[in-house]
Amino acid sequence: MRRFAVVAAVLLAALGLASPAAAHGGASVTIHSDGRGSVWITAQWQDGHPINEPTPVTLTATPAAGGTAAIAGEKLTQTGDERGTQTWSGVLPPGSWRVAIDLGAPVEGHCQALVPAVAGAGAATPQPVEVACLIPASAGTAPTGDAPASSSGAGSLAPLWVTLGILLIAGLVVAEVIRRRKQRQT
């Protein structure tokens, strides 16, 4: 019974150290805009749970037609709602913008969208935008419609902990066999 408790404790410890992304199976991130320049995201794990863990998210926006005006490194704020919403407090100036969202740990991903922004009473009708990106659990960044995927050197330590747990269990089994042999000899 004591061995069972030790084995169970080791397995629980090894599995408990797995990254949240690995536990949930990747993520789905959607960039939203109201068409008037407001931008926010919703983020959920692929199993449907919202991503409400502290996740640093930055927004970068550049004019779609080119130019020097850019918005870089703006932080988004988590709302803690059931959709995993993070909002940007700024507003895009009128025009068409290429918006990039970079998510830090535990998600580690990237998403891009083309976002139009109109302003004023005489402007064109605002066109809301929703662009979804899937981010695999093991990816450093996820591919988007117009950006190639690249991987980061950071990865999960879960395989290391699982391997160490297995080695520990094997060591316990060997120690028990040796202990029993010594008992028989005495």
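This is a guided tour of the predicted model, stop by stop. Residues are numbered from 1 along each chain as its sequence is written, and side-chain values use heavy atoms, with hydrogens and water left out. Because the model is predicted, local features need pLDDT of at least 70 and side-chain atom pairs count only at pLDDT 80 or more, while totals for chains, interfaces and linings use all residues.

**Whole chain**

Show the cartoon. The protein has 3 helices and 9 strands; helices (H or I, at least four residues) and strands (E, at least two) are DSSP runs, numbered from the N terminus. Along the sequence the pattern is α-α-β-β-β-β-β-β-β-β-β-α. Of the 186 residues, 32% count as buried, where buried means under 20% relative accessible area, exposed over 50% and partly exposed in between (1.4 Å probe, protein chains only). Switch to the surface: the accessible area is about 10700 Å², 63% of it belonging to carbon and sulfur atoms, by the Shrake-Rupley method with a 1.4 Å probe, where for residues only the protein chains shown count as cover.

**The open sheet**

Select E5, E6, E2, E1 and E9. In that order these 5 strands form an open sheet with antiparallel pairing; two strands pair if DSSP finds at least two bridges between them. Isoleucine 41 stands opposite glutamine 86 in E6.

Move to threonine 30, in strand E1 (residues 27-33). Is threonine 30 buried or exposed? Threonine 30 is buried, at 13% relative accessible area. Neighbours within four places in sequence aside, threonine 30 contacts Trp40, Ile41, Thr42, Glu130, Val131 and Ala132; contact means heavy atoms within 4.5 Å.

**The core**

Select Ile41, Leu59, Leu92, Val99, Ile101 and Leu103, the residues with the most contacts inside the largest nonpolar core, which has 26 residues. Such a core is a set of buried Ala, Val, Leu, Ile, Met, Phe, Trp, Tyr and Cys residues joined through side-chain atoms within 4.5 Å. At least two core residues come from each of E1, E2, strand E3 (57-63), strand E7 (95-103), strand E8 (109-117) and E9. Centre on valine 99: residues up to four places away in sequence not counted, its contacts include Ile31, Val39, Leu59, Leu92 and Val115.

**Proline 93**

Next, go to the loop between E6 and E7, where proline 93 lies. Proline 93 is partly exposed, at 37% relative accessibility. Glycine 37 is 56 residues away in sequence, yet its C-alpha is 6.4 Å from that of proline 93.

**Helix H3**

Finish on helix H3 (residues 158-185), which holds leucine 167. Leucine 167 is exposed, at 55% relative accessible area. Together Leu160, Trp161, Leu164 and Leu167 make a nonpolar surface patch of about 380 Å². Patches are made of residues with over 30% relative accessible area and no salt bridge: like charges are joined within 9 Å, nonpolar side chains (Val, Leu, Ile, Met, Phe, Trp, Tyr) within 5 Å.

Then select glutamate 176, which is buried at 10% relative accessibility. Which residues bridge to glutamate 176? Arginine 179 does, with the closest N and O atoms 2.6 Å apart, and so does arginine 180, at 3.1 Å, N to O. A salt bridge is a side-chain nitrogen of Lys or Arg within 4 Å of a carboxyl oxygen of Asp or Glu. Shared partners join Glu176, Arg179 and Arg180 into one network.
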